[in-house]
Amino acid sequence: MTDRLRLSDSNRRWWTLGAMCFALFMVMLDNTVTNVALPSIQRDFDASLSALEWTINAYTLTFAVLLVTGGRLGDIFGRRLVFLIGVVIFALASATIGFAPTEGWLVASRALQGIGAALMMPGTLSIISNAFPPEERGKAIGTWAGVSAIALAAGPLLGGWLTEEVSWRAIFFLNLPVAVGAVAVTLFAAEESRDETVGRTVDIPGIAALTVALTALVFALVEGNAWGWGSAEILALLALSVAAAVAFVVIERRAAAPVVDLDALRSKQFLGANVVAFMVSFGMLAMFFFLALYMQNILGYSALEAGVRFLPSTVVIIFAGPIAGRLADRIGPRPLMVAGMLIVSASLFWQSRIEVDTSYSFLLPAFVLMGLGIGLVMSPMSMAAMNAVDRSKAGVASGTLSMFRMVGGTFGVAALGALVAAIGRHDLEQSLPQFSSGARDALVDGLGSGAGVQ
C-alpha cells in the first residue's frame, strides 16, 4: 500500500490527475455554491436582479473571456507555472469576497476570482492530456468530469448549510484550505510542460479584441431590459461586440502566435465539441441560477433545503461522468454526446411546464434527466476536443473548450434573465394597468430576487 502511495514514474500520471482534480473541485464549486446564497446576498446589500446576475456573471464573464488566454499562457510559459499562479489569485480573491463590505466590492472580487479560475482551468485538462496516452484519456477525463460533478453537488449543499449556519461569506473562505491543498499536491506530483513549437510571444491585440467582444455582448444582455433593447447604449454595445469580433478574426489570421487556433476550429470534431459545450452550459447554469431563486422565493425552501434538492442532478453526474468516459474509450464520443444532448433537451422541456404552485415532486424527474444528460456529454465532449488536436496544443485547445463552456453559461444566465424580465413586464402590464410604469418596473426588477416594492 505504501508503494502505491509513493510517487514513481509508473504512478506519477495518477498523482497528477489527483492534483488537477483537487484544483478543479475548487473552481467548479464556485460555479454553483453562490446560487443558493443569492437571496441572503440580496438582503444584505439590497441588490436588484441585475446586481444578482452580476454576482454570477462577473465571475463567469472574466472566467470565459480569459480562458483561452490562460491556456495559451500555459502553452508558452509552462502549464504548471500558470496553473499555480491562478490558484493563488483565486484564493486571494476568495478572501476579499468573504470580507466584502459593499455590493461593488463583491462583484469586483468575483471578477478577480474569475481571472484566477481562467488561469487554472485550462491547466487541469491540458496537464491531464499530456500525462495520459490517448487510450487512457477517456478514463482520466471521466474521473475529471466526476470530480467536477462532485463539486457541483457539494456547491448547493455546502452553500446552503454555511449560509444558514454561519454566513454566506463562509462559502468563499472555504476555498482557502482547498487552494493550499491544490498547490501542495501540484508541486509534489505534476511535471512542467509547454508547447515547444512556439516562442514566448503573447497575442495582446487578439486578447484585447476577444475581451471587448465578449464583455460588450454579455453586458448588453444583462442590462438590456433595464436600459431598453432599442436604447442607444444597448445598440452601441452590440455594435461594439460585432466590430471587436470581426477585428479579432482579422488579427488572429495575421498573428504570428494567435491566442486562438482558428485552424483547429475547421476540424468538425473540435468545432462540434465546442458547440456542445456552449449549449450544455447554457442550459445547466441558467437552470441552477433561476431554480435556486424559484425554490427559495416561490416554493419557500431555505438555502440548505434548496441545496439538497439539487442533489438528484449532481449525484447522477458523479456516476454517469466516469462511466461515459470509459464508454467513450470503447465506442467513441459521438453516440454518448448525442444521447446526452437529447436527454438534456427533454429535461429543459419538462421544466418549461413549471407553474407558481408546482411541487418539488414534479421537478425531481427533470433534475434526474438533467444530471444523466450532462453526465453523458461532459467526458466524451472533453475527450473529443482534446483528441482532435496535437498534444503540443493542449493548452489552447483546453482553453477554447472551457471558454465555450463558460460563455454558454454566462449567456444562459443573462438571456434567461432578459426573458424573465420581458415576460414579467408584459404580464404586469396586462394584470396591473392601474400601476404606474415606474412601479411595474420596480416589480419586474424584483422578480428574480424576491424583492418587493417599498
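Met-341 is buried, with a relative accessible area of 17%; here buried means under 20% relative accessible area, exposed means over 50%, and partly exposed is in between (1.4 Å probe, protein chains only). Residues are numbered from 1 along each chain as its sequence is written, and side-chain values use heavy atoms, with hydrogens and water left out.

Let's start with the whole chain. Its secondary structure comes to 18 helices and 0 strands. Both kinds of element are DSSP runs numbered from the N terminus: helices are H or I with at least four residues, strands are E with at least two. Of the 454 residues in the chain, 56% are buried. Take the contacts (heavy atoms within 4.5 Å) with a separation of 6 or more: 81% of them join residues 24 or more positions apart.

How far can you trust it? pLDDT is the predictor's confidence in each residue, from 0 to 100. The chain averages 79, and 86% of the residues score at least 70. Over residues 448–454 pLDDT stays under 50, and the model has 14 contacts beyond four places in sequence for them. Where pLDDT is low, the predicted coordinates should not be read in detail.

Now for a pair of helices. The axes of H5 (residues 79–98) and H9 (residues 175–189) come within 9 Å and cross at roughly 165°. These axes are lines fitted to C-alpha atoms, for helices over the stretch in contact, and angles run from 0 to 180 degrees between N-to-C directions. H5 and H9 are therefore roughly antiparallel to each other, a label for angles over 145 degrees; under 35 is roughly parallel, 65 to 115 roughly perpendicular, and the rest oblique.

Which residues of H5 and H9 make the contact? On the H5 side they include Phe-83, Leu-84, Val-87 and Phe-90, and on the H9 side Leu-176, Ala-179 and Val-183 are among them. The residues of this contact divide into 10 nonpolar, 3 polar and 1 charged. Nonpolar covers Ala, Val, Leu, Ile, Met, Phe, Trp, Tyr, Cys and Pro, charged covers Asp, Glu, Lys and Arg, and the others, Gly among them, are polar.

Ala-95 of H5 also takes part in that contact. Leaving aside neighbours within four places in sequence, Ala-95 touches Phe-173 and Leu-176.

| Residue | Relative accessible area | C-alpha separation |
|---|---|---|
| Met-341 | 17%, buried | 6.1 Å to Gly-373 |
| Trp-350 | 32%, partly exposed | 8.5 Å to Pro-365 |
| Pro-39 | 4%, buried | 10.0 Å to Thr-163 |
| Ala-95 | 19%, buried | 8.9 Å to Ser-109 |

Back to Met-341, which sits in helix H15 (residues 334–351). Apart from neighbours within four places in sequence, Met-341 is in contact with Val-276, Met-279, Val-280 and Val-377.

Finally, Pro-39 is found in helix H3 (residues 38–45). Beyond four places in sequence, Pro-39 is in contact with Leu-293, Gln-296 and Asn-297.

Note on methods: Predicted model: local features only at pLDDT ≥ 70, side-chain atom pairs only at ≥ 80, totals over all residues.
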